[in-house]
Amino acid sequence: MREQIHTIPVLDALKEPGACPFCKIYGNLERDSVDFLMGNAYMEEDIRDKTDEAGFCVNHLKKLNAVQNQLGLALILQTHLSKLKKPPSSLFKSSAKRLYSKILAANERCFICEKIDKTFDRYLDTFFYLWKKDNALINTLTGFCLPHYATMLQKAEQKLDKSQLEAFISNVSLIQEKNIAKIEEDLDYFIQKFDYRNADAPWKDSKDAVERTISLLKGVS
């Protein structure tokens with residue numbers, strides 16, 4: 001299949017060995033977003049307005065803090081805190097109900113999550129564009145994490161007609177069933193290895209069974 005600029009990230013993720021291609025796409029977008037913000041972008045007024053307004057989830061605050069730019073993060077957090085205090089004491093002096101609502105609202109958004117989600121949704125559209133051109137595109141995949149599997153099925157209902165949807169679900173269901181069966185088998189073998197009677201038995205594919213199970217259940221980035 002001929003690659004185009006908008007299809008390259010999706011095709012690269014589909015070709016790369018591993019479990020969930022959408023985790024790879026999401027992880028790349030996440031790294032790009034963190035690098036973008038902690039480069040020079042946080043000094044741009046329009047970007048700073050958006051970070052002040054949206055703030056960050058705890059996961060992305062940790063990733064921002066891991067970047068070697070403490071001054072940049074301090075400046076971002078300083079103006080974000082200032083935004084939270086407007087009008088004065090809005091988050092600190094109010095009725096319990098209003099205070100509770102304001103605190104929840106202040107923690108519901110994340111600049112990086114929102115930035116990623118917009119691009120990720122377009123890549124999902126690209127995935128189905130590619131699949132329509134070549135149904136065999138996903139035959140070499142080993143599976144999907146459950147969160148992205150659910151997202152993919154939801155998007156499939158929007159992008160595919162009835163016959164396409166049936167073919168797609170049949171295809172990905174088989175892939176996912178094999179994926180889960182393999183993980184279950186390896187997890188069971190991993191547990192059995194802790195029996196002293198199996199101490200000298202080979203680990204086979206089970207050494208990372210716990211990590212792969214977590215990735216299946218929650219995804220990785």
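**Aromatic pairs, nonpolar core and cysteines in a predicted model**

Cysteine 110 is buried, its relative accessible area being 3%, where buried means under 20% relative accessible area, exposed over 50% and partly exposed in between, with a 1.4 Å probe and protein chains only. The structure is a predicted model, in which local features need pLDDT of at least 70 and side-chain atom pairs count only at pLDDT 80 or more, while totals for chains, interfaces and linings use all residues. Residues are numbered from 1 along each chain as its sequence is written, and side-chain values use heavy atoms, with hydrogens and water left out.

A disulfide is a covalent bond between the sulfur atoms of two cysteines; here it is taken as a pair of cysteine sulfur atoms within 2.5 Å. The structure holds 0 disulfides. Cysteine 57 is in no disulfide, and the cysteine sulfur nearest to its own, that of cysteine 110, is 3.7 Å away. For cysteine 110, the closest cysteine sulfur is in cysteine 113, at 3.7 Å, which is too far for a bond.

The largest nonpolar core has 46 residues, and those with the most contacts inside it are Phe22, Leu37, Phe127, Phe144, Met152 and Phe168; such a core is a set of buried Ala, Val, Leu, Ile, Met, Phe, Trp, Tyr and Cys residues joined through side-chain atoms within 4.5 Å. Two or more residues are given to this core by each of several elements, including helix H1 (8-15), H2, H7, helix H8 (146-159) and helix H9 (162-192), where helices (H or I, at least four residues) and strands (E, at least two) are DSSP runs numbered from the N terminus. The largest share of the core, 11 residues, comes from H7.

The structure also holds 13 aromatic pairs, for which rings of Phe, Tyr and Trp (its six-membered ring) must have centres within 6.5 Å, with planes under 30 degrees apart counted as stacked, over 60 as edge-to-face and the rest as tilted. Phenylalanine 22 and phenylalanine 127 form an edge-to-face pair, with 5.1 Å from centre to centre and 80° between the planes. Because phenylalanine 22 lies in helix H2 (residues 21-38) and phenylalanine 127 in helix H7 (residues 111-133), this pair ties together parts that are 105 residues apart in sequence.

Tyrosine 26 lies in helix H2 and phenylalanine 120 in helix H7, so the pair ties together parts that are 94 residues apart in sequence. Tyrosine 26 is buried at 16%, and phenylalanine 120 is buried at 8%.

Leaving aside neighbours within four places in sequence, phenylalanine 127 is in contact with Val10, Leu14, Phe22, Ile138, Met152 and Phe168, contact meaning heavy atoms within 4.5 Å. Histidine 148 lies in helix H8 and counts as buried at 13% relative accessibility. With neighbours within four places again left aside, histidine 148 is in contact with Cys20, Phe22, Cys23, Tyr26 and Phe120. The C-alpha atoms of histidine 148 and leucine 124, which are 24 residues apart along the chain, are separated by 10 Å.
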